[in-house]
Structures are given as structure tokens and as C-alpha cells.
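Me: I'm new to this one. Can you walk me through it?

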Amino acid sequence: MTENVRLSTGDAAPDFTLPTDTGDSLSLKDLRGRKVVLYAYPAAMTPGCTKQACDFRDSLASLQSAGYEVVGISPDKPAKLAKFREHDAITFPLVADEDKSILQAYGAYGEKQLYGKTVTGVIRSTFVIDENGVIERALYNVKATGHVAKLRRDLGLD
């Protein structure tokens with residue numbers, strides 16, 4: 001198995017400018033001055049990814065009141081992300097990393113275990129980035145269900 005890049009607390013968050021679900025683009029540097037929860041998920045409109053996105057949606061007000069912006073990133077095309085946003089009333093930006101370069105820079109794309117087999121794909125991950133663009137937390141191989149509640153507890157929001 002090849003070694004994936006892994007970010008750690010104190011690392012600079014890789015910057016990006018990516019297309020969004022609304023047809024605009026979003027740059028990490030545009031969010032400087034705010035804390036960011038960037039979460040990587042494999043595919044829009046799949047059961048686990050929908051559950052996770054809805055958990056973030058349902059926690060968005062409390063995350064934002066604590067100073068966090070939420071951004072989801074996947075290799076989906078912007079048009080699919082727009083359908084996901086509309087279908088599940090997602091209220092935060094979804095960015096499209098079709099060539100997977102940003103996912104790779106974050107260590108959220110590479111070899112992983114899926115049903116006992118080694119496959120290459122998106123590694124479900126969450127990154128908490130501070131106001132200056134520095135990684136506060138890098139969480140890899142997170143679960144789709146229950147992760148947002150655990151993150152809220154870890155951030156002292158519950």
C-alpha cells in the first residue's frame with residue numbers, strides 16, 4: 001500500500017480555488033479570518049454522504065455561531081453537487097475537485113480499505129482550519145454517521 005500524505009495540527013492548510021455547486025468558485029484564502037470545517041466525502045447523493053451532509057446542515061447554525069464555516073469537497077462535477085444541494089437542502093458550499101488534486105494535497109484521496117479490499121478513492125476526512133489557514137485538527141477515516149456530533153463535542157459546542 002502506498003503511503004498517503006497526512007496533514008497534522010500546525011500544518012498550513014493547502015489553499016484552493018474550486019468551482020462550487022452554485023457555479024461560483026470558492027477559495028480557501030477568501031475564508032481567512034474565519035474558522036473552517038472542510039470535510040471530504042466520496043460521492044454526492046449516496047446514503048452515507050447524504051447522512052453526513054444533512055448532519056452538517058442540521059448543525060450549521062451552531063457551528064456558524066461558534067465562528068465556523070462548513071465546506072464540503074468531493075470529486076463530483078458541479079452539476080451533480082447542485083442536484084445534491086437542491087435535493088437535500090444543503091445550506092453550505094460544496095466544492096468540486098474533479099481532478100482530485102486538492103483531495104490528494106489534504107491526504108483525503110488514496111488507498112483505503114473497503115469491504116476488506118484495498119481500493120483507491122476518497123478517504124472520508126474532516127479538517128478544522130483556523131482563521132490563519134492553519135490545520136487545528138485533521139481527522140481521517142471518519143464515519144459518516146455520528147461524526148458531526150463527535151466533532152461538535154470535540155470542539156466544545158455541546
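Reply: A note on the labels to begin with. Helices here are DSSP runs of H or I with at least four residues, strands are runs of E with at least two, and both are numbered from the N terminus. The model is predicted.

Me: Which residues of α2 are buried?

Reply: α2 covers residues 78-88, and L81, A82, F84 and D88 are buried there. They cover an arc of only 160 degrees around the axis, which puts them on the same side of α2.

Me: And which are exposed on the other side of α2?

Reply: A79, K83, E86 and H87. An α-helix has 3.6 residues a turn, so residues three or four places apart point the same way.

Me: What covers the buried residues of α2?

Reply: The cover includes α1, along with the strands β4 (68-74) and β5 (94-96).

Me: Back to phi. What about M45?

Reply: Phi of M45 is near 65 degrees, which is positive, and M45 is not a glycine. M45 sits in the loop that runs between β3 (35-40) and α1. Its relative accessibility is 39%, so M45 counts as partly exposed.

Me: And N141, where does that lie?

Reply: N141 is in the loop between β9 (135-140) and α4 (147-154). Its phi is also positive, near 55 degrees. N141 counts as partly exposed because its relative accessibility is 48%.

Me: Switching to α1. Is D55 buried or exposed?

Reply: D55, which lies in helix α1 (residues 47-65), counts as buried because its relative accessibility is 17%, and the cut-off for buried is under 20%.

Me: What does D55 touch?

Reply: Leaving out residues up to four places away in sequence, D55 touches A144, G146 and V148.

Me: New topic, pockets. What volume does the largest pocket have?

Reply: About 340 Å³. Its lining has 16 residues, and P42, K112, L114, V122 and R124 are the ones nearest the centre.

Me: Which elements give two or more residues to that lining?

Reply: β6 (109-114) and β7 (117-122). β6 gives the most, with four residues.

Me: How many of the lining residues are nonpolar, polar or charged?

Reply: Nine are nonpolar, three are polar and four are charged.

Technical notes
Residues numbered from 1 in each chain as written. Predicted model: local features only at pLDDT ≥ 70, side-chain atom pairs only at ≥ 80, totals over all residues. Heavy atoms only, no water. 1 Å grid on protein atoms, 1.4 Å probe; cavity = no way out; pocket = protein on both sides within 12 Å on 5 of 7 lines; lining within 4 Å. Points joined across faces, edges and corners; volume = space filled by probe spheres on them. Nonpolar A, V, L, I, M, F, W, Y, C, P; charged D, E, K, R; others polar. Buried < 20%, exposed > 50% of the residue type's maximum accessible area, 1.4 Å probe, protein only. Contact = heavy atoms within 4.5 Å. Arc of directions from axis to C-beta.
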